[in-house]
Amino acid sequence: MKHKLLEATVDSIGAKTQIENFYPLTTKFDKSEKVFSFAEVTGLFVSKISNTVAKDFDLESFKEQCLNAFSESMDDTTFIDMIEKIYFKEDQFTIDSLLVYQTIKASTNSKNVFKLFEQLLDINSINIDFTSDSNFMDKIVIEELQKHLKSTKTTEGTSSYLPFIDKLFNKDLQSLSSNKHYFKQNIEKFFETYFFIYASQLALNLIPNRNALSSPESRELYFILTHEKASTERTKIVEKGYAHLFDSVKYIFPYMSLLTSISNSVEADNLRLYELLDKLDDTQSSVEAVDSFALTFREAKKLSMEEIKPSTSLEEALFTLLDLSFDQFKEGCVVDRKRAFNQYESAFKRQIAKQFIVNRKRAGNVLVLDQDTILFITNLILGSGGKIRFQHLIEEFNERGIYFDAKTRNELIVLFERVGNIERKSDSGDSVYVKATI
């Protein structure tokens, strides 16, 4: 790697600042309305795990195909009109099967978002029978739909930027898929929830600089419940909540675009920033290689060439490089990149975090989780019919980058008692168990 850093050119680094891996948003995502669809993402997911893709699908032709199949299977065809209303009401194709998602054509933005989930996914961890538990009529429709599904080649999987999220994602996906109907009802919510979990933890694992060069782990991010009051006296909410997240989000574009520049220069597509210390031994030659790359980076991005000092250690050299990646977005640079910088931060808020943010007047913006999301994540953790000690449940939430202060933990117990999925083994409160609601 050292010699490739030394050989890096202005062209290999590139004047254009962009992210090519591990994060799907671009400036085009900075819109008030949703610019991608979790239904489309789900369709790509179903195609991935089934190794099939819908070809030459036209709804009107398919409806006629299905109705003909029903006519051939029935002695009395007077019910055909009723069947049409069941499956093709108001030009919508409806059936209790995940396969229906494959009939939805995915936009470029949705495909880019799915690439992230494709990296998170361990395809060997999930096995779904798309026809099990289907009734006689559904099976006819599914059989006709499968005629439009063509086999695709299995592609070799990769991993995301955050290995600890990979593990949890697949564990929770397996839990969700254990109940077919619950799976279909909540698969879009699953992707929506994990998109935020991944993106927020990515941001928190990039800053301060030492985090960016360390192995990723769950970083504190505090939420309250939607019905709770927020106040400036709640230290964790103030210091490790909304403001903390968005102080970190602004580093995604600089640092991940720097990673793209390094990856392209050393020809390593799946390189991570936190791997650099291990891949480069802490020798003078490594320090000089990173310093040389930093100099070329300055030239490529048209940054100041003044007051350049040699680094005294590999860590210092990498810290300097990270700082340079952020400096290119500051005002006063030859190339004005401030607008793109602001769009990346705005896109995160609008496309990923919007449903998790509320404004509480004097307390400002805070991160919130509603009752449905709390129960959904709890069910993912527990699986069907399980139960868990409350304190252990909190630890499981923490592993997923979701933290609660003492006040919210008390509110969670009240919520679980109201729902009826709590079990007390003693009056002391030390042995409180939470049960799944599926």
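A strand here is a DSSP run of type E with at least two residues, numbered from the N terminus. Keep that in mind for these exercises on a predicted model.

**Exercise 1: Thr52**

Find the strand that holds Thr52, and decide whether this residue is buried or exposed.

*Solution.* 
- Start with the strand: Thr52 belongs to β1, which covers residues 52-54.
- Next, take the cut-off: buried means under 20% relative accessible area.
- Thr52 has 14% relative accessibility, so it counts as buried.
- Now look at its surroundings. Apart from neighbours within four places in sequence, Thr52 contacts Ser47, Gln102, Leu149, Lys150, Ser151 and Thr152.

**Exercise 2: Leu173**

Work out which helix contains Leu173 and which residues Leu173 touches beyond four places in sequence.

*Solution.* 
- Leu173 sits in helix α8, made of residues 163-177.
- Its relative accessibility is 0%, and therefore Leu173 counts as buried.
- Setting aside residues up to four places away in sequence, Leu173 touches Phe45, Leu121, Ile126, Phe183, Ile187 and Phe190.
- For a distance check, go to Lys105: it is 68 residues from Leu173 along the chain, and their C-alpha atoms are separated by 23 Å.

Conventions: Residues numbered from 1 in each chain as written. Predicted model: local features only at pLDDT ≥ 70, side-chain atom pairs only at ≥ 80, totals over all residues. Heavy atoms only, no water. Buried < 20%, exposed > 50% of the residue type's maximum accessible area, 1.4 Å probe, protein only. Contact = heavy atoms within 4.5 Å.
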